[in-house]
Amino acid sequence: MNELPGAGASARRHINVTFSPPTPNGDLHLGHLAGPVLNSDICARSQKILGHDVAFATSTDDNQTYVVTTAERLGVTPEALIQHALDSVTKSLELAGVDVDLFERPDADYTDFVREFFTQLWMHDAFDLREVELPYDAETGEYKAEAFVTGRCPTCLAHARAGVCEACGLYNLPGVLLPVTDTASALPRKPVSIWVLDLERHRSLITNWYRTTDVQLRPDLAKVVTDTLAGRLPYIPITYPTAWGITVDWDGPDIQPQAINAWPEIYVGHVYWLQQARLDSRADCDELVQFIGIDNGFYNAFIYVTLSLLAARHGMPVALPRTRTITNQYYMLEGRKFSTSKGDVRWAKDYLEDVGRDRARFVLALTSPELQQAEFSEPIAARTIEARYDAPLRTIVEGLTPLTGRSVEGAPSPWWKAAIQASRQRFEDAYRLENFSVRKAAEALALHLEVLALRCENLATDDEGEACGALQFLWTLRTLGWPVAPDLAEHISTAFGAASTVGKAPLLADLDTAPGSHFRGLTVPAAPETAGPAEMSSAHHKR
C-alpha cells in the first residue's frame, strides 16, 4: 500500500507516469482529455504533493497506420500531418495545464532504440515466423492490415479495424474480420510470412505475472484478461509487409524488410521516453502507472507484459517496476463515441479557450469515464461549472473579503478542525494509487468549495476560531486542489503571499504549516484563462 504523508509516511518513492501516445492524425478532443491525458496529469500531480519523485512522459505515435489513412483522406503527406498534429497537441496540452516532463515525436535515436530492442528479442528466439493470409491489393501490390482494414468484429459484430475491437476489447487475428463490401476486408487474401509473438507459447510467463502481482485491475480490463486467458492465446504480428514504420531485415538481405507493428512498439516507446525523462537508462522506479483507454487494454495486458518479461529475462535494459494500468471507458458526445476519423469531436483546444483551464479540468474530471461510459453535454457541463465551481467561488471571494489583513495563525474552531480533516481525508483517498479516481478528486474539490461557500454566507468574522478556520480551510485547498485546479491553487498562494505553485508542487507534509503572511483577499478571474498562472508545458525536457 502507498502510505500518505501525515498518515504513517513512507520513504520517498520514484513513480513513472505515462499515457497512451496520441496518434498524430489530428488534435486532442475532449474524449482524449477526459480520459488518459487529464487522468495521468492529475495522477502525476497528486503523487508530487505526496512528496514522491515523478517522471511523466510520452510521445506522438508516428508509426501507426492511422497516420497514413488520414493523410490520404486529407490529401496531405504523412510528415505534414504528423508535424501539424504535434504542434496542435502540444498547444492543447499547454492550454490544459498538462505538466508533462517530456512530450516529443520519434527521432533517429528512438528508432535505433526500438529496432535494437525488437532485434535483441528476435535473436533470443522470442518471435516465430508464421505464414498468414492478409488482404492483398493486386493493383498496388500492397498487403493491407491494421487501419487499412475495416469490417465487422467476429466476436461482437461491432464495426472494427484489424487488431483490437474497440467495442469488446478483444483481439482480431489478421484477416478474420467479417468482410464489408468495397473495403480492404473484402479484398482477396494472399499468404505472406511475418514475425509474430505467440502469446500461447509464453502463457506460463503471463499467468505467473498475474498470479503474483497484488495490483488490482479495473473491472473492464480484468474482464479482457479473464476472457482472453479462457481460450488459446492469440499470436500477435510483430512485423508487417509494409514500408511504413520502423523496418527490420531479419529475413536476410534478399528479402524485402518488414516494419515493426506500431502497437507492440508503444511499450518500447514508454521505456525509451521515461528513460529520457529521468536521464538514466536504468533509473530507479518503484511504480509505473499507465493510463489508457479500454481499447488499448489488450495490448497493455498481454503484449506489453510479455515484452517486458521477455526483455528482463534476457538481460535487456528495462526495469520491472510494480506496474499499474488504469483504464477508462469511452466518453460519449451526444450518444456517439468521440472519433477524430468520423468527425464526432469537440476539440480540446476550442473548449479550453471557451471555458478556461481550471473549469474545463474540473468538469471533465467530474464526468470522466473511469468505470463506465460517460456522456458529455455542453449545456449540462456549463450548468455544472456554474453551480459547483463558479457560484461557490464568488460567494467565497465575497465572504472572505472582510478578513483581508487578518492573520491565519490562530486556532480554528472545532467545527473547522473537523471539516479540514474530513476534506483532507477525502482528497487523499482519491489520490491513493490503489483506488485512484479523478472523479472522486473533482467531487472532493466541489464539496470543499460548497462547504466553504455555505459557511461564508454567514461567517462570524469577529469570532477568531471561525475566521481562522475559514482561512485555513481555504489554505488547505492550495495543496489538496492543486492536482485538479492548478490555477486556483496559485490564486490561493497569491491570496496568502505564499510561494508560487508554478513548477513546484505544494506538499501535503507542509499542509499544517500556516502561511507566513496575512490574508490579502482572494481574487479569481471570472473570464476564461487561456494563459494563466498554472504550469505551461514546454513539450520537451523540464527535469
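**Exercise 1.** Determine how helix α5 (residues 203-212) and helix α8 (residues 297-313) are oriented where their axes come within 10 Å.

*Solution.* The two axes cross at roughly 100°. Axes here are lines fitted to C-alpha atoms, for helices over the stretch in contact, and angles run from 0 to 180 degrees between N-to-C directions. Angles of 65 to 115 degrees count as roughly perpendicular. So α5 is roughly perpendicular to α8.

Next, list the contact residues, with contact meaning heavy atoms within 4.5 Å. Helix α5 supplies L205, I206, W209 and Y210. Helix α8 supplies A301, F302, V305, T306, L309, L310 and R313.

Finally, sort them by class. Ala, Val, Leu, Ile, Met, Phe, Trp, Tyr, Cys and Pro count as nonpolar, Asp, Glu, Lys and Arg as charged, and the others, Gly among them, as polar. The contact of α5 with α8 then has nine nonpolar residues, one polar and one charged.

The model is predicted: local features need pLDDT of at least 70, side-chain atom pairs count only at pLDDT 80 or more, and totals for chains, interfaces and linings use all residues. Residues are numbered from 1 along each chain as its sequence is written, and side-chain values use heavy atoms, leaving out hydrogens and water.

**Exercise 2.** Locate D125 and state whether it is buried or exposed.

*Solution.* D125 sits in the loop between α4 (108-123) and β4 (128-137). Its phi is near 65°, a positive value in a residue other than glycine. The relative accessible area of D125 is 52%. Exposed means over 50%, so D125 is exposed.

**Exercise 3.** Do likewise for L157.

*Solution.* L157 lies in the loop between β6 (150-152) and β7 (159-161). Its phi is positive, about 75°, although L157 is not a glycine. With a relative accessible area of 53%, L157 is exposed.

Methods. Helices (H or I, at least four residues) and strands (E, at least two) are DSSP runs, numbered from the N terminus. Angles under 35 degrees count as roughly parallel, over 145 as roughly antiparallel, 65 to 115 as roughly perpendicular and the rest as oblique. Buried means under 20% relative accessible area, exposed over 50%, partly exposed in between (1.4 Å probe, protein chains only).
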